[in-house]
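I opened this model to look up its aromatic rings, its sheet and the helices packed on it. My notes follow in the order I made them.

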Amino acid sequence: MYALAQALRAFRRHPTSALATLTTATVSFSLLFLVGLLLWNLDRVVGSLESEVEIVAYLKDGSDAQAVLEKVRSWPEVESVQLIGKDEALALLQLEYPYLAEASDLIDNPLPDTLKVRLIDPTLTRQVARKLGDLAQIGPGNVDYGGEVTERLVRFLAGLRLGANVLMLLLIVDTFFSVMGTIRLSIENRREELRVMLMVGATRGFVQRPFLLEGLLLTLSAALFALALGNLAYRFVAATLQNLLPFLPVLSPDDLLRASAGLLALALFLGFFGAWLSVRTYLRDTET
């Protein structure tokens with residue numbers, strides 16, 4: 001109870017500093033939460049795009065399709081490869097366009113045997129497409145991956161993800177130093193009192209507890225405000241996007257719950273560690 005009373009008393013002693021730290025931490029945690037959700041969503045979008053990337057290679061007439069299939073399947077970049085024979089391709093085309101069934105009785109099947117290739121790492125699409133084109137049974141003009149736009153988008157999203165991670169790191173550092181600054185001000189205001197307490201035999205833990213609790217209360221309060229704002233903002237944006245782009249993946253309520261728990265854990269860590277470091281520095285200075 002003593003530690004809690006002293007922590008609340010510190011807020012009353014310097015409300016401006018406490019409010020500034022609380023505001024800074026709330027803004028930082030709100031941005032951190034929303035950027036984190038954005039990154040998570042980007043991972044879902046990138047995963048969805050990458051799962052759709054596929055290379056289609058058309059074999060030349062007279063090629064040994066089975067031999068080419070086995071060769072491509074042995075490549076380390078390849079996750080799966082499917083061979084669609086010319087007769088199967090014609091049957092699929094006739095299912096989609098039934099009127100072609102009559103024309104197929106009048107002319108020979110013009111479709112080639114086709115390979116559909118999926119890769120372990122979709123960023124290697126261009127490289128593997130070039131390898132397929134180098135095969136004598138295929139040729140460079142008979143490969144289509146239609147993934148050039150997707151490839152560029154995946155690279156753009158990867159760059160965006162890097163920028164978002166840098167922003168998150170800066171926000172964490174800013175919050176950490178804000179907490180340290182507030183705790184240092186509390187220590188300065190109680191410097192004489194703390195010196196007397198240490199002289200009469202107060203333990204380091206007894207001296208530290210009020211400041212640790214102050215740091216925890218600051219960051220926990222800021223995180224709760226941020227979660228309230230962040231969840232409302234994300235649900236509104238997600239609902240709007242789902243109405244405009246129903247195919248776009250969004251995070252589920254369980255995902256939001258896990259993200260909220262992660263932010264609370266981070267807030268407790270920053271509050272505790274920032275306060276502990278400030279008090280530790282003060283105690284070390286008084287002992288030297």
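Predicted model: local features only at pLDDT ≥ 70, side-chain atom pairs only at ≥ 80, totals over all residues.

**Aromatic cluster.** Phe176, Phe177, Phe269, Phe273 and Trp276 form one aromatic cluster. I counted four aromatic pairs in the structure. Phe176 and Phe177 make one of them, with an edge-to-face arrangement. Phe176 is buried, because its relative accessible area is 12% and the cut-off for buried is under 20%.

Next I took Phe273 and Trp276. Why does this pair count as stacked? The planes of Phe273 and Trp276 are at 20°, and stacked requires planes under 30 degrees apart. The centres of these two rings lie 5.8 Å apart. I then checked where the two residues sit in the chain. Both belong to helix α10, residues 253-287. They are three residues apart there, so about one helical turn separates them.

**A charge over a ring.** I also looked for a charged group over an aromatic ring. The charged end of Lys131 sits over the ring of Trp75. The distance to the ring centre is 4.3 Å.

**Helix α6.** I went on to helix α6, residues 125-134. Which of its residues are buried? They are Thr125, Val128, Ala129, Leu132 and Gly133. Looking down the axis of α6, I find its buried residues within an arc of 145°, so they line one face of the helix. Arg130 and Asp134 are exposed, on the face turned away from the buried side of α6. What covers the buried residues of α6? The cover includes β1 (55-58), α3 (65-73), β3 (114-119) and β4 (143-144).

**The sheet.** Four strands form an open sheet in the order β2-β3-β1-β4, with antiparallel pairing. Which strands stand at the edges? They are β2 (78-84) and β4. Each has a single partner strand, so one side of each is left without a neighbour in the sheet.

I then went through the bridges. β2 and β3 pair in the antiparallel sense over six bridges. Gln82 stands opposite Lys116 in β3. β1 and β3 also pair in the antiparallel sense, over four bridges. Ile55 stands opposite Val117 in β3. Val56 stands opposite Lys116 in β3.

**Whole chain.** Last, I checked the totals. The chain has 10 helices and four strands. From the N terminus on, the elements run α-α-β-α-β-α-α-β-α-β-α-α-α-α. How many of its residues count as buried? The figure is 38% of the 288 residues.

Terms used: Residues numbered from 1 in each chain as written. Heavy atoms only, no water. Phe/Tyr/Trp six-rings, centres within 6.5 Å; stacked < 30°, edge-to-face > 60°. Buried < 20%, exposed > 50% of the residue type's maximum accessible area, 1.4 Å probe, protein only. Helix = DSSP H or I, 4+ residues; strand = E, 2+ residues; numbered from the N terminus. Lys NZ or Arg CZ within 6 Å of the ring centre and 35° of its normal. Arc of directions from axis to C-beta. Contact = heavy atoms within 4.5 Å. Pairing = 2+ DSSP bridges.
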